Structures are given as C-alpha cells and as structure tokens.
Amino acid sequence: QVQLVESGGGLVQPGGSLRLSCAASGSIFSINTMGWYRQAPGKQRELVAGTSSTGDRRLADSVKGRFTISRDNAKNTVLLQMNSLKLEDTGVYYCYADPAELNSPRAWGPGTQVTVSS
C-alpha cells in the first residue's frame, strides 16, 4: 500500500504563488507516475500535471507556462509550483501515485484546498 499526504495549500491572491508538496509513504517498491488532479465545486476532477520516474513531465494546457511539476525519486515526493494563479485555479488539489506493481491500484491523497481570491 502507498499513502499520500499533500501540503502547501492555502489562500492566495490572483497573480500569487503557492507550492504544493506530496509525500508518499508506506510499502513502496516503485512508483511509475505521480501527479496532481484538481476539482472545483460543481465540476469534474481534472488532471493538472503528471511526471514519470524517468523525468517525463506533462501539464494541462490551462496551466502551461504557470505551473511546474518536479519529482524527487529518492524522497518519493512530487512538487507542484504554482505561479501567476488565477481565480479558476481554485479547487481541491489531489496528489496521485501509480505503483509499478501489476494490478496495484492508484493511490490518492486526501486533498489540499487552494483558494485564489482577493
């Protein structure tokens, strides 16, 4: 089993920055992909960013140029640097991790609230 815990959420003004962190713990053999989803009230959960263990990084079009995802394999941690935040970035951000073990389920963090407001 893999457990994920997010941190770094909070209230920020438009144009401001936040850095989210997600740390994996538990019985970890290998993790293929880690990343972030977010969900705003009344909307479906959407993929924000993901990164593989080999360094491949992908970002949603809506956050390209503003967000950066990075990963520390040794620490089993993934970071999301969020700059130039907009009102529409508001939501609960969930970390995920895909174990390399065959048929192992995706792990989810409990979520951290990000609120962009004046």
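**Aromatic cluster, nonpolar core and salt bridges**

Tyr 37, Tyr 96 and Trp 108 form one aromatic cluster. The model described here is predicted. Its aromatic pairs number 3. A pair of aromatic rings is described by the distance of the centres and the angle of the planes. For Tyr 37 and Tyr 96, the ring centres lie 5.4 Å apart. Their planes stand at 65 degrees, so this pair is edge-to-face; the cut-off for that class is over 60 degrees. Tyr 37 belongs to strand β4 (residues 31–39), and Tyr 96 belongs to strand β9 (residues 91–99). The pair therefore ties together parts that are 59 residues apart in sequence. Both Tyr 37 and Tyr 96 are buried.

Tyr 96 also pairs with Trp 108. Here the ring centres are 6.1 Å apart and the planes meet at 50 degrees, so the pair is tilted. Trp 108 lies in strand β10 (residues 107–108), while Tyr 96 lies in β9. This pair ties together parts that are 12 residues apart in sequence. Tyr 96 has 4% relative accessibility and so counts as buried. Trp 108, at 33% relative accessibility, counts as partly exposed.

The largest nonpolar core was examined next. In soluble globular proteins, nonpolar side chains tend to be buried together. The largest core in this model holds 25 residues. Leu 4, Met 34, Trp 36, Leu 80 and Tyr 93 touch the most other members. Two or more residues come from each of β1 (2–7), β3 (18–26), β4, β5 (46–52), β7 (67–72), β8 (77–82), β9 and β11 (112–116). Strand β3 gives the largest share, 4 residues.

Leu 80 illustrates the contacts at this core. Residues up to four places away in sequence aside, Leu 80 touches Leu 18, Arg 19, Leu 20, Trp 36, Val 48, Ala 49, Phe 67, Thr 68, Ile 69 and Tyr 93. Two of these partners, Trp 36 and Tyr 93, are themselves named among the core residues that touch the most other members. Trp 36 is found in strand β4. Its relative accessibility is 0%, so Trp 36 counts as buried. Trp 36 and Ala 97 are 61 residues apart in sequence. In space, their C-alpha atoms are 8.9 Å apart.

Strands β7 and β8 both contribute to the core. They run antiparallel and are joined by 6 bridges. Phe 67 has Met 82 in β8 as its bridge partner. The hairpin of β7 and β8 has 4 residues between the strands. In this hairpin, Asn 76 takes a positive phi near 50 degrees.

The structure holds 6 salt bridges. One of them joins the side chains of Asp 89 and Arg 66, at 2.7 Å from N to O. This pair links distant parts of the chain. Asp 89 is in the loop between β8 and β9, and Arg 66 is in the loop between β6 (57–59) and β7. The two residues are 23 residues apart. Asp 89 is buried, with a relative accessible area of 0%. Arg 66 is buried as well, with a relative accessible area of 10%.

A further salt bridge joins the side chains of Asp 98 and Arg 106, at 2.6 Å from N to O. Asp 98 is buried, with a relative accessible area of 19%; the cut-off for burial is under 20%. Arg 106 counts as partly exposed, at 33% relative accessibility. Some salt bridges share partners, and these join Arg 38, Glu 46, Arg 66 and Asp 89 into one network. The buried residues Asp 89 and Arg 66 therefore belong to that network.

Asp 56 and Arg 58 give another salt bridge between side chains, at 3.5 Å from N to O. Asp 56 has 40% relative accessibility and so counts as partly exposed. Arg 58, at 59% relative accessibility, counts as exposed.

Note on methods
Residues numbered from 1 in each chain as written. Predicted model: local features only at pLDDT ≥ 70, side-chain atom pairs only at ≥ 80, totals over all residues. Heavy atoms only, no water. Phe/Tyr/Trp six-rings, centres within 6.5 Å; stacked < 30°, edge-to-face > 60°. Buried < 20%, exposed > 50% of the residue type's maximum accessible area, 1.4 Å probe, protein only. Core = buried A, V, L, I, M, F, W, Y, C linked by side-chain atoms within 4.5 Å. Contact = heavy atoms within 4.5 Å. Salt bridge = Lys/Arg side-chain N within 4 Å of Asp/Glu carboxyl O. Pairing = 2+ DSSP bridges.
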